[in-house]
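The following exercises concern one protein chain and its side-chain contacts. Please work through each task before reading its solution.

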Amino acid sequence: MASRKEATTVKLNQVTEDVLKVIDSYGFKQEGAYNLRLNGMAVCHGDSRHIAIVKKTDLPGIDIKISGEAQNEQVHIPVVMSEPGLDVVYNDFYVEDGADVTIVAGCGIHGEGCSETRHDGIHTFHVGKNANVKYVENHYAEGNGTGGKILNPVTKIYVGENSVFTLETTQIKGVDSTKRETFVELGPNAKLFVTEKLMTHDAQHAISNMEVKLNGEGSSARIVSRSVAKGTSNQIFHPKAIGNNACHAHVQCDSIIMDKASISSIPEINANHIDAQIIHEAAIGRINDEQLIKLRTFGMTEEEAESVIIENFLN
C-alpha cells in the first residue's frame, strides 16, 4: 500500500453539487477515500486507512490501491464536466486478496453552450483472490446547451480466483451519444454479476459492447441488460460470452421500444469447452395496452402510466 497523503477539500458550486447528487447514489462526501475530477482536474482528494489514491505520473488519472484489510469500505471517484471540451482519464484499481469494497464512480455533464462536451473514462480493475468488489457507475447529462454531451466509457476487469465482481451501470438520461466497451476475464471459481440500465430519448445514440471470457474452471457470469428507447433514438447491444473452461453464463437483454426508436440486440455465445454452459435471452417489445389501461383506471394520465411502467421495468 502507498503511504497516505493529507486530504484536500474544496467548496463546490451548486451546479456541481446538484450533478453529484444524481450520479453518486451513495452520497458524495469529502471524507474517507474519494477523488473528484472537475473539468479535467482533480479538485479534492482523500485516502482512508485501507485505500490509497495516487496520481499517475505518465497519464491523466489515478491509481486506487485497496488493501486486503478493507472490509465493507467505499471509495468515491465521480467526474463532473460543466465546461466544453474533451476529458480523457485512465484509472487503475488494484484490489488485494480478501478485500471487500464498493467503488462509486460515474460522470455527469452540465452543458449550456454550443460546443461538444465529452468524457472518455478508461477504468481497469485488477482483482486478487477471495475479494468482493462492487462497482457502481452512473452516467447523466443536463443543460440547455446545443453542444453534444458524449460519454464513452471503457471498462476492463480481471477477476482472480474465488472473487466476486458486481457491476451496476446506469445511463440515467440526457446523454446524446455513448459507446460503452466492457471486457472481462474470470479466473477459477470467479463470479461476475452485471446489471446494465439504459435510457435514450430524442435522437440519442447508444452502443454497448461487452465481452466476457470465462477462463477459469467453475467461473460464472450473470448479465442483465434493461433499456428503454424513446423518440427517434437508437440502441445497439452486442454482448459476447466465451466459455474457455467448465463454466456457466446467462445473458439476458430486455428492452422497451417507444415512438419511432430502434433497438438491435446482437447476442454472441461461444463455447470452447465441453462443460461450458452458456445461455442468452433477448426480448424487445412495446408497453402493453392493458398495462396502460389498468393504471389509467387509478386516475393516471397516459404519460404518468408510462413513467410508472418504465421506472418499474428499469428498477
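**Exercise 1. Classify Arg286 by its accessibility and examine its salt bridge.**

Step 1. Arg286 has a relative accessible area of 59% and is therefore exposed; buried means under 20% relative accessible area, exposed over 50%, and partly exposed in between (1.4 Å probe, protein chains only).

Step 2. The side chain of Arg286 meets that of Asp289 in a salt bridge, with 3.4 Å from N to O. A salt bridge requires a side-chain nitrogen of Lys or Arg within 4 Å of a carboxyl oxygen of Asp or Glu.

Step 3. Asp289 has a relative accessible area of 42%, so this residue is partly exposed.

A note on the basis of these values: this is a predicted model, in which local features need pLDDT of at least 70 and side-chain atom pairs count only at pLDDT 80 or more, while totals for chains, interfaces and linings use all residues. Residues are numbered from 1 along each chain as its sequence is written, and side-chain values use heavy atoms, with hydrogens and water left out.

**Exercise 2. Describe the overall architecture and dimensions of the chain.**

Step 1. The secondary structure comprises 3 helices and 22 strands. Helices (H or I, at least four residues) and strands (E, at least two) are DSSP runs, numbered from the N terminus.

Step 2. The radius of gyration is 20 Å, close to the 20 Å given by the globule rule for 315 residues, so the chain is as compact as a globular protein of that length. This radius is taken over C-alpha atoms, and the rule is 2.2 Å times the number of residues to the power 0.38.

Step 3. The C-alpha trace spans about 60 × 55 × 35 Å along its principal axes, and buried residues make up 50% of the 315 residues.

Step 4. Of the contacts (heavy atoms within 4.5 Å) with a separation of 6 or more, 81% are accounted for by residues 24 or more positions apart.

**Exercise 3. Which residues form one aromatic cluster, and how are the rings of Phe125 arranged with those of Phe93 and Phe165?**

Step 1. Rings of Phe, Tyr and Trp (its six-membered ring) pair if their centres lie within 6.5 Å; planes under 30 degrees apart count as stacked, over 60 as edge-to-face and the rest as tilted.

Step 2. Phe93 and Phe125 have ring centres 4.3 Å apart and planes at 5°, so this pair is stacked. Phe93 belongs to strand 7 (residues 85–95) and Phe125 to strand 9 (residues 117–127), 32 residues apart.

Step 3. Phe125 and Phe165 have ring centres 5.2 Å apart and planes at 75°, so this pair is edge-to-face. Because Phe165 lies in strand 13 (residues 164–171) and Phe125 in strand 9, the pair ties together parts 40 residues apart in sequence.

Step 4. Phe93 is buried; Phe125 is buried with a relative accessible area of 0%, and Phe165 is buried with a relative accessible area of 0%.

Step 5. The cluster consists of Phe93, Phe125, Tyr135 and Phe165.

**Exercise 4. Where do the buried residues of helix 3 lie around its axis, and what covers them?**

Step 1. Helix 3 (residues 302–314) has 13 residues and reaches 18 Å from its first C-alpha to its last, close to the 18 Å expected at 1.5 Å a residue; the expected span is 1.5 Å times one less than the number of residues.

Step 2. The buried residues of helix 3 include Ala305, Ile309, Ile310, Phe313 and Leu314. They cover an arc of only 155° around the axis, which puts them on the same side of helix 3. The arc is that of the directions from the helix axis to the C-beta atoms.

Step 3. The face turned away from the buried side carries the exposed residues Glu311 and Asn312.

Step 4. The cover of the buried residues includes strand 15 (191–200), strand 17 (219–229), strand 19 (247–257) and helix 2 (289–296).

**Exercise 5. Which residues are linked with Glu268 in a network of salt bridges?**

Step 1. The structure holds 12 salt bridges. One of them joins Glu268 to Lys240, with the closest N and O atoms 3.7 Å apart.

Step 2. Glu268 lies in strand 21 (residues 268–271) and Lys240 in strand 18 (residues 234–243), so the pair ties together parts 28 residues apart in sequence.

Step 3. The network links Glu211, Lys213, Lys240 and Glu268.
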